Amino acid sequence: MTHLHSHLHVAVALDGAGWHPAAWREPDARPAELFTAGYWVGLVTEAQRGLLDLVTFEDDLALQSTDRFADDQRTDQVRGRLDAVQVAARVAPVTEGIGLVPTAVVTHTEPFHLSKAIATLDYVSTGRAGVRVKVAGSSSEAAHFGRRSELSLEDLFAEAGDWVEVVRRLWDSWEDDAEIRDVATGRFVDREKLHYIDFEGRFFSVKGPSITPRPPQGQPVVAALAHQALPYELVGRSTDLGFVTPVDAADAARIVGEVRSAQSAAGRADETVHVFGDVVVFLDDDAATARARRARLDETAGEEYRSDALVFDGTPPQLADLLEEWAGAGLTGFRLRPATLPHDLRRITAGLVPELQRRGLFRASYEASTLRGLLGLPRPTNRFATV
């Protein structure tokens with residue numbers, strides 16, 4: 001279903017000192033604070049100041065590496081992360097309005113554990129939680145757990161689909177009115193409104209119910225990053241939001257078409273599934289300064305920065321032009337990856353957002369209290385509810 005909101009959705013992907021590998025060496029970077037709560041609270045507060053829809057937090061089962069399948073042993077780049085779900089939970093009580101979407105690696109990780117972690121995040125954020133599902137395909141990641149060897153690409157995404165289905169069923173395993181809390185009768189919960197999910201699949205056999213009551217949003221927002229056919233199918237079949245990496249407007253239209261086809265094949269053509277374009281951004285007041293900063297960072301890193309997403313260097317109005325063009329190709333929003341933090345995040349909130357507002361393309365205030373509300377997604381009906 002076509003998304004009916006007239007404005008664009010804008011998210012920011014937070015990772016370390018920024019997405020450029022030399023970002024931690026910038027004068028305004030704070031590498032000594034990367035593992036402190038205050039650092040992440042400050043970044044999300046800045047994103048909230050810009051009225052952004054949501055922030056995502058990166059996570060993984062292995063150290064960051066320039067080699068996709070092994071530890072590169074490098075010591076000149078940021079290595080190590082805090083747990084994304086716990087960072088989001090720490091940030092949640094001191095923010096409002098903005099959605100919090102931690103990455104969860106669903107390969108090797110039990111859906112029962114993460115279903116209650118994300119449900120808890122939805123409670124402590126009062127309805128602003130989401131989760132970005134991510135697969136892990138390397139042998140080194142499998143070795144951290146030692147329970148099985150790596151899966152094929154087809155099985156990785158088949159398992160991810162089952163993982164999402166189990167999590168969604170667990171979130172529904174408590175009906176919305178299962179908690180009675182009647183002191184006079186001594187009944188806290190109506191056991192008839194807690195349900196076994198009895199999921200039986202190739203990868204999981206999960207009984208349920210959850211130990212955590214149904215989250216405030218009913219089901220927190222499920223997202224995934226997608227680059228090719230299998231993950232496009234996962235987005236269309238199982239998620240509320242897909243992050244994609246087009247190189248231009250024509251490519252964006254092609255990708256949106258693939259996701260919509262997958263959505264239709266899964267019987268979800270009438271549901272809103274957002275497709276956000278990812279862009280790495282170097283933003284400054286003039287394009288020459290942005291290009292020079294990118295070149296300086298590349299020189300510091302010793303190599304040209306490359307990304308799975310388009311790398312943009314220019315001004316906020318020039319970026320607004322790009323987003324407007326790509327929105328015309330069917331994207332409903334964008335997830336911007338700041339090349340350096342806090343510089344490019346501040347240029348998004350203080351430069352891009354006012355430019356989009358001037359064009360009538362972005363909100364002037366938070367118009368909903370939940371992430372689902374911000375994204376125009378309905379609160380799902382509980383599949384087990386009888387009334």
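## Helix packing exercises

The axes of helix α3 (residues 111–124) and helix α5 (residues 153–172) come within 9 Å and cross at roughly 55°. This is a predicted model: local features need pLDDT of at least 70, side-chain atom pairs count only at pLDDT 80 or more, and totals for chains, interfaces and linings use all residues. Residues are numbered from 1 along each chain as its sequence is written, and side-chain values use heavy atoms, without hydrogens and water.

**Exercise 1.** Classify the α3 and α5 packing.

Step 1. Take the angle, roughly 55°. Angles under 35 degrees count as roughly parallel, over 145 as roughly antiparallel, 65 to 115 as roughly perpendicular and the rest as oblique. α3 is therefore oblique to α5.

Step 2. List the contact residues (heavy atoms within 4.5 Å). α3 gives Pro111, Phe112, Leu114, Ser115, Ile118 and Ala119. α5 gives Trp163, Val166, Val167, Leu170 and Trp171.

Step 3. Sort these residues by class. Ala, Val, Leu, Ile, Met, Phe, Trp, Tyr, Cys and Pro count as nonpolar, Asp, Glu, Lys and Arg as charged, and the others, Gly among them, as polar. The α3 and α5 contact has 10 nonpolar, 1 polar and no charged residues.

How values were computed: Axes are lines fitted to C-alpha atoms, for helices over the stretch in contact, and angles run from 0 to 180 degrees between N-to-C directions. Helices (H or I, at least four residues) and strands (E, at least two) are DSSP runs, numbered from the N terminus.
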